[in-house]
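Please consider the following structure together with its sequence.

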Amino acid sequence: MTFLAPTDIQGLLRFLQRWYGAPKSPNMRLEESFETPRELVEWHEIAAQWGGAITSHNYAIPLPDLAAEDGKIPFWVENQGTWIWAFDPNNENHSVYEREPSDEPNPWKRTGERLSEFLIHATVLEAILGAPSTKIAHGVEGDWLWSQEGSQEFPFPTWNWPAPDSRVLFGEN
């Protein structure tokens, strides 16, 4: 079941092939830019292989539309525009930050993930949200989740979206 929790770009490709089938346009290559992190370009190349079908809810901002905002570069947006994620272009690991868009000053908050981790995490979550059948539970106590036989937590930090302390679990059931 390790294919359910990819931790690197090759694992993500295996996950996507098992989840969506063979890519429609394999070996897609996009033009690289000095300012755009390689892992973000790679993710867009992968998404293009499946014709953009790997996102069903939230979405990546197209590479040509990336622009700095308060010292960070937004790259991922919740489908209704109520949450936004950005990377720090001045950080070698490209730490990811988040915030709710607002007319009022609203500081970026660090997520605890690097860009490479976030993209894998977000892609798996998108697969779940777009699945024909899925289970999503809000307000469930962690102790109950861990008591369910065969359930494992996805190996990345919890998120504040769609609710504080959100996490992805996987298992046979």
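Q: Which residue in β3 does W76 stand opposite?
A: This is a predicted model, in which local features need pLDDT of at least 70 and side-chain atom pairs count only at pLDDT 80 or more, while totals for chains, interfaces and linings use all residues. Residues are numbered from 1 along each chain as its sequence is written, and side-chain values use heavy atoms, with hydrogens and water left out. Strands (E, at least two residues) and helices (H or I, at least four) are DSSP runs numbered from the N terminus. In β3, the residue opposite W76 is W85.

Q: Over how many bridges do β2 and β3 pair?
A: Two strands pair if DSSP finds at least two bridges between them. Strand β3 covers residues 84-87 and pairs with β2 in the antiparallel sense. One of the facing pairs is P74 and A86. The number of bridges between β2 and β3 is four.

Q: Which residue in the turn between β2 and β3 has a positive phi?
A: The two strands form a hairpin, with six residues between them. The phi in question is about 75 degrees, and it belongs to G81.

Q: Is β2 largely enclosed by the rest of the structure or left open?
A: Buried means under 20% relative accessible area, exposed over 50%, and partly exposed in between, with a 1.4 Å probe and protein chains only. Strand β2 spans residues 73-77, and five of its five residues are buried. It is therefore largely enclosed.

Q: Which residues of β3 point the other way from I84 and A86?
A: In a regular strand the side chains alternate between the two faces of the sheet. In β3, I84 and A86 point one way, and they are buried, as are the residues pointing the other way, W85 and F87.

Q: What is the bridge partner of A86 in β4?
A: Strand β4 (residues 95-99) runs antiparallel to β3, and four bridges join the two. The partner of A86 is Y97.

Q: Which strands stand at the edges of the sheet?
A: Five strands form an open sheet in the order β1-β2-β3-β4-β5, with antiparallel pairing. Each edge strand has a single partner strand, so one side of each is left without a neighbour in the sheet; these strands are β1 and β5.

Q: Which residue in β2 does Y59 stand opposite?
A: Strand β1 (residues 59-60) pairs with β2 in the antiparallel sense over two bridges. The residue facing Y59 is V77.

Q: At what angle does α3 run to β5?
A: Angles run from 0 to 180 degrees between N-to-C directions, and axes are lines fitted to C-alpha atoms, for helices over the stretch in contact. Helix α3 lies across β2, β3, β4 and β5, and its angle to β5 is about 90 degrees.

Q: Which residues of α3 make the contact with α2?
A: Helices α2 (residues 38-49) and α3 (residues 115-129) pack at about 25 degrees with axes 9 Å apart. They are therefore roughly parallel (under 35 degrees; over 145 is roughly antiparallel, 65 to 115 roughly perpendicular and the rest oblique). Contact means heavy atoms within 4.5 Å. E39, L40 and W43 of α2 make this contact with L115, S116, L119 and T123.

Q: In which handedness does α1 pass α2?
A: Helix α1 (residues 9-20) packs with α2 at an angle of about 15 degrees, their axes 12 Å apart. That makes α1 roughly parallel to α2. A crossing is left-handed if the near helix is turned anticlockwise from the far one by less than a right angle, and right-handed if clockwise. The crossing of α1 with α2 is right-handed.

Q: Which residues of α2 do I9, L12, L13 and L16 in α1 meet?
A: The residues of this contact divide into six nonpolar, one polar and one charged (Ala, Val, Leu, Ile, Met, Phe, Trp, Tyr, Cys and Pro count as nonpolar, Asp, Glu, Lys and Arg as charged, and the others, Gly among them, as polar). The partners in α2 are E42, W43, I46 and Q49.

Q: With which residues is K24 in contact, leaving aside its neighbours within four places in sequence?
A: K24 lies in the loop between α1 and α2. At 63% relative accessibility, K24 counts as exposed. Its contacts are Q49 and W50.

Q: How far apart are the C-alpha atoms of E149 and G171?
A: E149 lies in the loop between α4 and β6, and E149 is exposed, with a relative accessible area of 76%. E149 and G171 are 22 residues apart along the chain, and their C-alpha atoms are separated by 8.5 Å.
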